[in-house]
Amino acid sequence: MLASRGEKVFVGVITGLLILLSVVALVPLVSVISTSLSSKSAVDMNLVTLWPKQFTLDSWKYIVDRPDLWKSFFLTLSTTVIGTVLALLMTALFAYPLSKPEFRWGSVIMMAVVVAMIFKAPIIPYFLTVRGIGLYDNPLVLVIPHILNPFNLIIMRTFFKQFSKELEEAAFLEGCGYFRMLFQFVLPLSKAVLATLALFYGVVLWNQFQHPLLFLQDTNWFPLQIKIRQFITDDSVIMAGASSTMSLNYNERTLRAATVIFAIVPIVVVYPFLQKYFVKGAMIGSVKG
Amino acid sequence: MKSIASHQMKLYWPLYVMAIPGIIFLIVFKFIPLAGAVIAFKDYSVFQGFIDSPWVGFKHFETLLQHPDFLNVFSNTLLLGLFKLTIVFPVPVLLALMINEIRKSALKKGIQTALYIPHFLSWVIVGGILFDFFSLSGMFNIILGWFGAEPVLAMQESAYFRPIYVLASIWKDAGWGTVVYMAAISAIDPQLYESAMIDGASRIRQIRHITFPILLPTVLVLFLLDIGNFLDLGFDQVYNLLTPMTYNVGDILDTYVFRTGIQQGQYSFATAVGLFQSVIGFIMVYTFNKLSNKVSDGGLW
């Protein structure tokens, strides 16, 4: 493969451009991290750009001392974990029959799934329905509406379809039923797609904002995103625990920055473990689905 | 016939049992709300519900079209939707074509990771980051200061709302959007490139005559899907970027429905707005699908 000079320049320019874009994409994030680690006076004097100035952990100390933030954090952590497990179970249970030609309702249901994907119901009748089944001001609204997503269902069904029939037939002859088949053979061989969908469901559950905004009034059940939103928009909330002494080394801005990063940390921690799966899984869904 | 059916059930009943929770979910969370959209033609009352509330025909649609707010909200939505289709949509295609030219896999992976990360942040967080970035002592104003420009509170300024909406959309999702295209590119037969190289085709020509044409059907399908969601700008996104000072340009159908429907309790009126939005989306998909069937063989159906 002999590359001409022009080719090398071409690839060089594209590489340079992409590196530049990746750096630019990280700039806003880095600047918020720096703000959260800088002192009040450094921030007020417009000194902080990409590197913390007058490094201090005071904003972070203040943030991790806020019990209301931790309450929301653990609520969101548990709804995310429970919701993801339920969602995978629900999606697998539904996708498995849909992947079987002997399941007579399959084609009708698949059509319904596609219709549900294309026609989104207006938000008001959705709100009234969900309220009607008793999920208003009920923390279960953070979980139940998210445990089945048509798009994810199609990804999993597509994945299940590729299992060889011979293996299943052999298992059936041994007296293995559909339930055992699914849990003992199919799911253990589906780790890639399970990890991908766990990431998709988990991110939605962790990041959800509209459902709690619509359905939750009781501040006890405010999940992390709503709490963060309060911190970002309402200075009286974020400064509620601040002492009135003049020697504060933080201000609203450094605290907001710390809050924002606080909510990102779990995603950044989980991301590398799932990264190797999700691209592969997303491809399964997009190419064939 | 009946004996065959019962024999089927005897053997296959576990499949039907497995499907029941999913079917219930679809009915409750998708189809009842979809059917509930009829309240756009009724005067919904909480006590009478979807079925028994009295019919009023097109009353709410008439109110809607005469409402001065609605015209403004509708044109805001239309404009942002247009920007989304024309400016935001092509970016992942370009990015994917560019990323594909990088052969060093470690570098490629690093670039992809950096571009994917924003996708996993919520709009609350992205809003928080942007409000910080554009604050008076934030990085944007520091950089403006280097050039001697006056500081601006861009998030609170109407003139900046649309550019920020577009840039935020690109920042958050353009990187992730490449995943689908990269998948399509990786499915291209390498022999095509080999024979092109033997013929002396340059990299740019290979992109123009091999990669791009093969990518085009995928682009078209995604474009059609996007057109259907043309007026669906993302409630979370707009809600978290909006300030009272940017209402005149940033108030869209989704935020309007939230205000009139959820906060003021005008359920039927707000449903009419939502239905209007869905119908326009459907007409757009239908029209463009017809067009793309005529122009090429591609299309959604």
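1. The model is a predicted one. The stretch is one of those that UniProt, in an unreviewed entry, gives as "transmembrane region" in chain A. The record also places that feature at residues 9-33, 73-96, 140-160, 181-206 and 255-274 of chain A.

2. Among these annotated stretches, residues 73-96 of chain A are 100% helix and 0% strand. The end C-alpha atoms of residues 73-96 of chain A lie 34 Å apart.

3. Chain A touches chain B. To this contact chain A gives 74 residues and chain B gives 67 residues. On the side of chain A, helix H1 (residues 5-36) of chain A supplies the largest share, with 17 residues. By class, the side of chain A that touches chain B has 52 nonpolar, 13 polar and 9 charged residues.

4. The secondary structure of chain B consists of 15 helices and 0 strands. For chain B, an unreviewed UniProt entry lists "domain: ABC transmembrane type-1" at residues 74-288.

5. Chain B is split into domain 1 (1-30) and domain 2 (70-295). Between the C-alpha centres of domain 1 of chain B and domain 2 of chain B the distance is 40 Å.

6. On overall dimensions, chain B has a radius of gyration of 25 Å, whereas a compact globule of 301 residues would have one near 19 Å. The C-alpha trace of chain B spans about 75 × 70 × 40 Å along its principal axes.

7. One helix pair in chain B can be described in detail. Helix H11 (residues 203-228) of chain B and helix H15 (residues 267-295) of chain B have axes that come within 7 Å and cross at roughly 155°. H11(B) is therefore roughly antiparallel to H15(B). From H11(B), the residues that meet H15(B) are Leu220(B), Leu224(B), Ile227(B) and Gly228(B). Their partners in H15(B) are Gly281(B), Phe282(B), Met284(B), Val285(B), Phe288(B), Asn289(B) and Ser292(B). The contact of H11(B) with H15(B) is made up of 7 nonpolar and 4 polar residues, with no charged residues.

Notes
Residues numbered from 1 in each chain as written. Chains lettered and ligands numbered in written order. Predicted model: local features only at pLDDT ≥ 70, side-chain atom pairs only at ≥ 80, totals over all residues. UniProt positions renumbered as here; feature names shortened; annotations may be inferred. Domains from an automatic or database assignment. Contact = placed C-beta atoms within 7 Å. Helix = DSSP H or I, 4+ residues; strand = E, 2+ residues; numbered from the N terminus. Nonpolar A, V, L, I, M, F, W, Y, C, P; charged D, E, K, R; others polar. Axes fitted to C-alpha atoms, helices over the stretch in contact; angles between N-to-C directions. Parallel < 35°, antiparallel > 145°, perpendicular 65-115°, else oblique. Rg over C-alpha atoms; globule rule 2.2 N^0.38 Å.
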